[in-house]
Amino acid sequence: MCLAIPVQIVELEGTQAVVDMHGVRRPVQVNLLQNPEVGDYVLVHAGFAIQKWSEADVAEYHAIMEEMNAMDEKAE
Amino acid sequence: MFKEIKENLRHWAKQIDRPLKLMEVCGTHTMAAFRAGLRSFLPENVNLLSGPGCPVCVTAGDYIDHVIRLTAEPNVMIATFGDMLRVPGNLGSLEIARAQGADILVVYSPVDAVLAAEKYSDKQVVFLGVGFETTAPTVAWTIQAAAEKKLANYSVFCAHKTMPQAMAALLQSKEVRIDGFVCPGHVSVITGTKLYTFIAEEYKTPCVVAGFEPLDIFQAITMLVQQCAEGRSEVENQYQRSVKEKGNQAAQALLAEIFEPCDAKWRGLGVISGSGLQIRAKYADYAAENKFAFLQEKLAAPEPIGCRCGEILRGVCIPFECPLFQKACTPANPIGACMVSNEGTCAAYYKYAQKQRKV
Ligand code: SF4
């Protein structure tokens, strides 16, 4: 149930946003966030953004993913 | 990073001269750990137990039976997350009911259930409120929205549960020794890390909140082993990129507005006091059991014969110890809830464990 991938807000109108999930645009409610803005990276659960990620958080995520991808390649 | 974590884990595990049992509470963690083969990287004396953190799995059988009865009512549309469809109750499953003509809408977000109520004003739309602290605020939102829009044909059949009471119940029962908890990441996004303080302090059991990538889980395990080796029991946060100490306060406020704590029945764990959420009296119009009084009746809900889901959810046994596992019970033909959900422990073992050295 938990999708732990950061997605970016590309449109925003009131508490209704559109996020980009790997090229797929999805409506997302942002009423649970403080001051959401276009460009923010957010964590989405069941159609709701439940947390914002800072740039550093996103960088940490990418570092982890890179390391895991490198491990996969080695294993193959 | 991986090599470093692995060395640290070996280092700390060596300082402990007994087997450690760590429980990953959350079903998503169970799946992620298996998918990455994490168990095969653990030192001999570190074992992972799977816990009661799969929302579908812990939903009691009588809830499913009530829902099936609900589908037989005229003009009722059930809105639900997809993973509820195949959970077997004593009266069949929602999937079977749907094949027989029941009106069931599978939604990606609870928002879609409210939209359906607006669209089909001649139907009573009932959303199945199943899930933990992560999902409950999204369902709370639908009740608030329905109240604002004065939607008379929307309600929630609420079986939401809260995680820490179940963790405490497991410790209290002393049925299994649990040396530490890998705590659910997204429950904690909402609640913050303080949720587990009483587990660490009163029960002297270390807690580490973990993210969902295999490296996150591996690191959380290492942090738990280190706490055990150093004789500490604290709440630590491995998943700092998402989880803040105080959690998501807007979500907490919404939860408190719509819901209040209640006793709740868990599959395998029985009734745990204060472990559920019920809709407050102020929003009673949106509680399905007030529209359909038969939902308040008590139903006997025996577990399928031979199924050991209950013990599996308590960490007492593993799927290999169930005589039906991989034989009568498979993901294509699930007998118990733990095989149905793709976060279920039996489903995880079925998919991954045969291929792995250590389970
Ligand atoms: S293998 Fe099937 S029958 Fe056995 S405990 Fe798991 S879900 Fe129940």
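Here are some questions and answers about this predicted model.

User: Which helices of chain B each supply at least two residues of the shell around the ligand?
Analyst: Let's start with the shell itself, where 14 residues surround the ligand. The closest are B:Cys307, B:Cys322, B:Cys329, B:Gly336 and B:Cys346. By class, the shell has 12 nonpolar, one polar and one charged residues. The helices that each give at least two residues to this shell are H14 (309–313) and H15 (337–340) of chain B.

User: Are helices H2 and H16 of chain B roughly parallel or roughly antiparallel to each other?
Analyst: H2 (residues 27–35) and H16 (residues 345–352) of chain B pack with their axes 10 Å apart, at an angle of about 10°. Their contact uses B:Thr30, B:Met31, B:Phe34 and B:Arg35 from H2(B), and B:Thr345, B:Ala348 and B:Tyr352 from H16(B). Angles under 35 degrees count as roughly parallel, so H2(B) and H16(B) are roughly parallel.

User: Which strands are included in what covers the buried residues of H4(B)?
Analyst: In helix H4 (residues 61–71) of chain B, the buried residues are B:Gly61, B:Tyr63, B:Ile64, B:His66, B:Val67, B:Leu70 and B:Thr71. Their cover includes helix H5 (94–99) of chain B, along with strands S3 (76–81), S4 (103–107), S5 (124–129) and S6 (154–158) of chain B.

User: Which helix gives the largest share of the side of chain B that touches chain A?
Analyst: Here 28 residues of chain B are in contact with 22 residues of chain A. Among the helices of chain B that each supply at least two residues to this side are H6 (110–119), H9 (185–191) and H11 (214–229). The largest share, four residues, comes from H9(B).

Note on methods. Residues numbered from 1 in each chain as written. Chains lettered and ligands numbered in written order. Predicted model: local features only at pLDDT ≥ 70, side-chain atom pairs only at ≥ 80, totals over all residues. Near = placed C-beta within 6 Å. Nonpolar A, V, L, I, M, F, W, Y, C, P; charged D, E, K, R; others polar. Axes fitted to C-alpha atoms, helices over the stretch in contact; angles between N-to-C directions. Parallel < 35°, antiparallel > 145°, perpendicular 65-115°, else oblique. Contact = placed C-beta atoms within 7 Å. Buried ≥ 20, exposed ≤ 12 C-beta atoms within 10 Å, placed from the backbone.
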